[in-house]
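Hi,

Here is the structure I promised to pass on.

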Amino acid sequence: MRLAFVGKGGAGKSAIAGTFARTLARQGDNVLAIDSDPLPGLAFSLGLPIDDSPPIPDEAVVERKEGEQGPRWRLNPDVDPLEAVEKWSVEAPDGVRFFQFGKVKGDAREIWKSQIAFRFIVNKLPAGHWNVVGDLPGGTRQAFTGWGNWATTVLVVVEPTAKSLLSGRRLARMADLDPEVPKRVMAVASKVTDPDDVDMIAKGTGLEVVAAVPYDEALAEAERRQLAPIDFAPDSPAVRAVESLVERMSEEKVS
Amino acid sequence: MKLAVVGKGGSGKTTTSSVIARTLAKAGSAVVALDCDSNPNLGISLGVGDEETERLVSMRQALDEGEEAHAPTWDTLIGRYGSDGPDGVRLAVVSRIDNPEPG
């Protein structure tokens with residue numbers, strides 16, 4: 001399974017992705033949770049109190065030599081993607097491995113090399129080892145560019161609001177234009193309060209809605225306390241809805 | 001006054017911006033509301049509706065596509081590519097990502 005969560009900022013991508021990754025790992029699957037947002041997010045939803053991932057060293061990318069073709073920066077040929085993940089990811093609860101691409105921490109350290117290396121490593125991961133669950137930054141910048149095309153399934157997280165629907169519609173349109181391998185693109189309704197919300201999101205995005213995650217005060221409280229939803233409120237309706245989503249998506253997982 | 005609103009996704013930047021813009025305009029100021037998000041949706045919060053938000057040709061796209069032969073002035077761009085919203089707020093969109101790109 002290679003599944004990316006996308007959608008407008010604040011729609012609930014990290015909370016859903018973190019809960020999804022933990023649930024999948026509890027079933028005994030190898031889960032790599034990846035985060036390509038320069039601001040922190042997924043670590044908390046996975047249940048990591050601090051994100052102390054080792055930085056990917058600058059030497060992981062090398063510059064094109066004179067006379068060579070292709071992009072200016074490439075993955076150092078000495079870096080094996082599977083070994084890189086072992087080395088530069090950290091362990092989260094339930095055995096999830098958490099791999100992120102470098103955070104803006106306010107100091108002057110440049111992280112663009114780390115971010116390029118991350119992108120190569122994820123794109124070059126061999127099939128059949130990891131179930132990859134990705135939390136992409138909000139908006140349309142990464143979803144269908146080189147940052148998101150490792151995914152074979154894209155779940156667009158949409159709230160029943162005009163702005164979230166507009167973002168969902170744009171993401172669905174971009175998915176249609178994507179020249180890469182055909183992806184499954186579906187919607188997850190988030191913060192649902194009204195029985196008509198799911199229908200509104202299906203009509204508004206043109207996507208099949210594969211889960212309806214209800215608005216849940218327990219999730220908001222988990223955010224306030226910086227705790228993973230699955231730890232703070234394992235029996236909450238929202239966590240239960242994500243567990244159903246895992247079941248639904250599980251036909252292509254790697255154990 | 002030149003005021004930028006920033007913050008994490010979903011924290012309320014667009015809503016805050018739109019209320020500031022309309023409040024200033026109601027008080028009689030000339031206000032340009034500039035949507036700098038590559039996934040622009042300020043139009044919805046300002047009250048121009050999602051169809052008009054989608055219709056707005058982004059200024060950068062127009063420049064990229066060569067509709068503007070010479071670097072035009074700020075007033076020209078805002079006049080040509082902006083849209084009038086409630087309370088006289090002039091809305092303009094800086095850019096929009098429309099196309100996927102191969103990796």
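Predicted model: local features only at pLDDT ≥ 70, side-chain atom pairs only at ≥ 80, totals over all residues.

Residues are numbered from 1 along each chain as its sequence is written, while chains are lettered from A and ligands numbered from 1 in the order in which they are written.

Arg64(A) sits in the loop between strand 3 and strand 4 of chain A. I call a residue buried if 20 or more other C-beta atoms lie within 10 Å of its own, exposed if 12 or fewer, and partly exposed in between, with C-beta atoms placed from the backbone. Arg64(A) has 12 C-beta neighbours inside 10 Å, so it counts as exposed. Contact here means that the C-beta atoms of two residues, placed from the backbone, lie within 7 Å. Leaving out residues up to four places away in sequence, Arg64(A) touches Gly70(A), Pro71(A), Arg72(A) and Arg74(A). Gly138(A), by contrast, is 74 residues from Arg64(A) in sequence and 32 Å from it in space, C-alpha to C-alpha.

Asp94(A) has a phi near 65°, a positive value in a residue other than glycine. Its place is the loop between strand 5 (90-91) and strand 6 (97-100) of chain A, and it counts as partly exposed because it has 19 C-beta neighbours inside 10 Å. Gln226(A) is not a glycine either, yet its phi is positive at about 60°. You'll find Gln226(A) in the loop between helix 7 (217-224) and helix 8 (229-232) of chain A, and with 14 other C-beta atoms within 10 Å it is partly exposed.

Now for the helices of chain A. Helix 4 (residues 112-123) has 12 residues and should span 16 Å at 1.5 Å a residue; its end C-alpha atoms are 17 Å apart, which agrees. (The expected span is 1.5 Å times one less than the number of residues.) Buried residues in helix 4 of chain A are Ser114(A), Ile116(A), Ala117(A), Phe118(A), Arg119(A), Phe120(A), Ile121(A) and Val122(A). Their cover includes strand 2 (31-35), strand 3 (61-63), strand 4 (73-75) and helix 3 (81-88) of chain A.

How do helix 1 (residues 13-26) and helix 9 (residues 237-249) of chain A pack? Their axes are 9 Å apart, at an angle of about 60°. (Axes are lines fitted to C-alpha atoms, for helices over the stretch in contact, and angles run from 0 to 180 degrees between N-to-C directions.) That makes helix 1 of chain A oblique to helix 9 of chain A; angles under 35 degrees count as roughly parallel, over 145 as roughly antiparallel, 65 to 115 as roughly perpendicular and the rest as oblique. On the helix 1 side of chain A, the contact is made by Ile16(A), Thr19(A), Phe20(A), Thr23(A) and Leu24(A), and on the helix 9 side by Val239(A), Val242(A), Glu243(A), Leu245(A) and Val246(A). By class, that contact has seven nonpolar, two polar and one charged residues. (Ala, Val, Leu, Ile, Met, Phe, Trp, Tyr, Cys and Pro count as nonpolar, Asp, Glu, Lys and Arg as charged, and the others, Gly among them, as polar.)

Helix 5 and helix 6 (residues 197-205) of chain A also meet: their axes come within 8 Å and cross at roughly 45°. Leu165(A), Gly168(A), Arg169(A) and Ala172(A) of helix 5 make the contact with Ile201(A), Gly204(A) and Thr205(A) of helix 6.

Which residues face the partner chain? In total, 24 residues of chain A are in contact with 18 residues of chain B. Helix 5 (residues 162-177) of chain A gives the most to that side of chain A, with seven residues. By class, the side has eight nonpolar, 10 polar and six charged residues.

Finally, chain B has five helices and three strands, running α-β-α-α-α-α-β-β from the N terminus on. Of its 103 residues, 30% count as buried.

Cheers

Terms used
Helix = DSSP H or I, 4+ residues; strand = E, 2+ residues; numbered from the N terminus.
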